[in-house]
Amino acid sequence: MIIIGIAGGTGSGKTTVVKKIVESLPENSVAVIPQDSYYNDQSDMPLEERKKTNFDHPDAFEWTLLASQINDLREGRSIEQPTYSYLTCTRLPETIHVEPKEVIIVEGIMALYDKHLRDLMDIKIFVDAEPDERLLRVITRDIAERGHPLEMLIGKYRDVLKPMHEEFIEPCKRYADLIIPQGGHNTKAIEILKRYIERMVGK
């Protein structure tokens, strides 16, 4: 088994990199664990308080549960991955059953932030992109998928995404074994990564 951590700012192209890795490996050999599923359960809080959650701060995640479940997979035990709703800003009662696979990918903005989690990883990847490129991707995605107004997204980027990225996400680069500039557009870097993983899995 090989465990891969893939981190990077919002809109950096992490999902594209993950997709290309999954496509290059045999079917049903990969389990992707999104860090977003491990936001704290806030069901004991009023909805208005939950809506104030800063989803780009390390305190928003239940790190112990995430590390514990990745360790379970490493040890050959299945897990019940939590699910999270951005509409209610808390966990849903449903879970996703995940069996151990040959390749486990932990993907999220701060997948490399927590030391206990990093210590479980065999390869640590940071997907990088220019700030203006990330902003354009976030605006395009959130307008199309979530119906957010442009003014709100620009304010969110200035007040939350940018300062949180600079304080918590960007410093994670120093833990990466490989930094992929230009995100999912860097076909050469992704190809090198895919070949490395294929060789590791083939051992």
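The buried residues of helix α7 are Ala189, Ile190, Leu193, Lys194, Ile197 and Val201. Buried means under 20% relative accessible area, exposed over 50%, and partly exposed in between (1.4 Å probe, protein chains only). Helices (H or I, at least four residues) and strands (E, at least two) are DSSP runs numbered from the N terminus.

The model is predicted: local features need pLDDT of at least 70 and side-chain atom pairs count only at pLDDT 80 or more, while totals for chains, interfaces and linings use all residues. Residues are numbered from 1 along each chain as its sequence is written, and side-chain values use heavy atoms, without hydrogens and water.

**Exercise 1.** Work out how the buried residues of α7 are arranged about its axis.

*Solution.* 
1. Viewed down the axis of α7, the buried residues fall within an arc of 135°, so they line one face of the helix. The arc is taken from the directions between the helix axis and the C-beta atoms.
2. Lys188, Ile192, Arg195 and Arg199, on the other side of α7, are exposed.
3. The buried face packs against β1, α1 (14-24), β5, β6 (123-127) and β7 (178-180). Contact means heavy atoms within 4.5 Å.
4. For length, α7 spans residues 187-201, which is 15 residues, and reaches 21 Å from its first C-alpha to its last, close to the 21 Å expected at 1.5 Å a residue. The expected span is 1.5 Å times one less than the number of residues.

**Exercise 2.** Identify which residues of the largest nonpolar core touch the most other members, and which element gives the most to this core.

*Solution.* 
1. A nonpolar core is a set of buried Ala, Val, Leu, Ile, Met, Phe, Trp, Tyr and Cys residues joined through side-chain atoms within 4.5 Å.
2. The largest one has 33 residues, and Ile33 and Ile70 touch the most other members.
3. Two or more residues each come from β1 (2-7), β2 (30-34), α3 (63-74), β3 (79-85), β5 (103-107) and α6 (150-169). The most come from α3, with 5 residues.
4. Not counting residues up to four places away in sequence, Ile70 touches Ile3, Ile33, Ile104, Val106, Leu117 and Leu120.
5. Another core, apart from this one, has 19 residues, including Ile2, Val17, Ile21 and Ile180.

**Exercise 3.** Account for the polar partners of Arg91, Thr83 and Asp128.

*Solution.* 
1. Arg91 is in strand β4 (residues 90-98) and is buried, at 18% relative accessible area.
2. The side chain of Arg91 makes a polar contact of 2.6 Å with the side chain of Glu62 and reaches the backbone oxygen of Tyr39 at 3.2 Å. A polar contact is a pair of N or O atoms within 3.5 Å; within protein, one must be able to donate a hydrogen and the other to accept it, and residues adjacent in sequence count only if both atoms are side-chain atoms.
3. Thr83, in strand β3, is buried at 13%. A polar atom of the Thr83 side chain lies 2.7 Å from the backbone oxygen of Glu94. Beyond four places in sequence, the contacts of Thr83 include Arg91.
4. Asp128 is in the loop between β6 and α5 (131-146) and counts as buried at 19%. The side chains of Asp128 and Lys173 are joined by a polar contact of 2.8 Å.
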